[in-house]
Amino acid sequence: FFLFSLIADCLYYIIMFSTKIEKSKKLKGIKIIEPSFAKDRRGNIFTFFDKKIQNRLLPKKYSFSHLKITNRKKNVLVGIHYDSKTWKLFGCLKGKIFHNVTCLDKQNNKDFLKSQSFILNGEKKIKFILIPPNYGNAFYCYKSSVIIYALSYKNSYVDANKQKTIFWKNDKLKIKWPCKKPYLSKRDKIVGLDHLKKIINL
């Protein structure tokens, strides 16, 4: 009985601390990560990423070297933002968000302008989304939320003033946002529409 119990405990922790990684069935390059975790009466602990997970997610010679955490209030919408060099591991640690990823890579003819949406809930089952370069990233906060990004890129970081922005409500993208009048930054209000026209040669 003791041996059986010991084996059962070992299997439990192997399962609990194994990170699940799935490829998106809608967009090439997008991956959904369900991190390893353990929970008891004190709370919970999970692995965001480690070297083994990183090697499963990123191309060779890439590594996560930049971590950002942001607090956003209820009814805030951020995006659509992207650049041509940054890989992002994106998730919600607290709160609840509607997350959208859109393919803006013109060389990817099959998925170009297609998008996929996720509900990321930091208060239930936590998961993260891997976003390749040239994919638009945007999210809407159902409630006050804490967002985490791990970034991977070559050479220098592409800051906000050098990123590209597309208007969140553009009809060409057909994103079914769960809001009508979100709170937007100045950047997300006034830019983006003309840039999308240039991409698709309208």
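Buried means under 20% relative accessible area, exposed means over 50%, and partly exposed lies in between, using a 1.4 Å probe and protein chains only. With that in hand, welcome to the structure above. It is a predicted model, in which local features need pLDDT of at least 70, side-chain atom pairs count only at pLDDT 80 or more, and totals for chains, interfaces and linings use all residues. Residues are numbered from 1 along each chain as its sequence is written, and side-chain values use heavy atoms, leaving out hydrogens and water.

**The sheet**

Helices (H or I, at least four residues) and strands (E, at least two) are DSSP runs, numbered from the N terminus; two strands pair if DSSP finds at least two bridges between them. Six strands make an open, antiparallel sheet, and their order is E1-E2-E10-E7-E12-E5. Strand E1 (20-23) and strand E5 (66-72) are the edges: each has a single partner strand, so one side of each is left without a neighbour in the sheet. From one strand to the next, the twist averages 20°, with axes taken as lines fitted to C-alpha atoms and angles running from 0 to 180 degrees between N-to-C directions. E1 meets strand E2 (residues 31-34) in the antiparallel sense over four bridges, and there Lys23 stands opposite Lys31 in E2.

**Aromatic rings**

Rings of Phe, Tyr and Trp (its six-membered ring) pair if their centres lie within 6.5 Å; planes under 30 degrees apart count as stacked, over 60 as edge-to-face and the rest as tilted. The structure has nine such aromatic pairs. One of them joins Phe48 and Phe128, a tilted pair with 4.7 Å centre to centre and 50° between the planes. Phe48 belongs to the loop between strand E4 (43-46) and helix H2 (51-57), while Phe128 is in strand E10 (residues 128-131), so the pair ties together parts that are 80 residues apart in sequence. Phe48 is buried at 14% relative accessible area, and Phe128 is buried at 1%.

Trp168 and Trp177 have ring centres 5.9 Å apart and planes at 75°, so this pair is edge-to-face. Trp168 is buried at 5%, and Trp177 is buried too, at 12%.

Lys96 has its charged end over the ring of Tyr142, 4.9 Å from the centre, and Lys154 lies over the face of Tyr62, at 4.6 Å from the ring centre.

**Salt bridges and cysteines**

How many salt bridges are there? The count is four, a salt bridge being a side-chain nitrogen of Lys or Arg within 4 Å of a carboxyl oxygen of Asp or Glu. Among them are these:

| Glu22 | Lys20 | 3.2 Å |

Glu123 sits in the loop between strand E9 (115-121) and E10, and Lys143 in the loop between strand E11 (135-141) and strand E12 (145-152), so their pair ties together parts 20 residues apart in sequence. Arg42 is exposed at 76% relative accessibility, whereas Asp40 is partly exposed at 36%.

Finally, the number of disulfides is zero, where a disulfide is a pair of cysteine sulfur atoms within 2.5 Å. Cys103 is buried at 0% relative accessibility, and Cys179 is buried at 12%.

How values were computed. A charge sits over a ring if NZ of Lys or CZ of Arg is within 6 Å of the ring centre and within 35 degrees of the ring normal.
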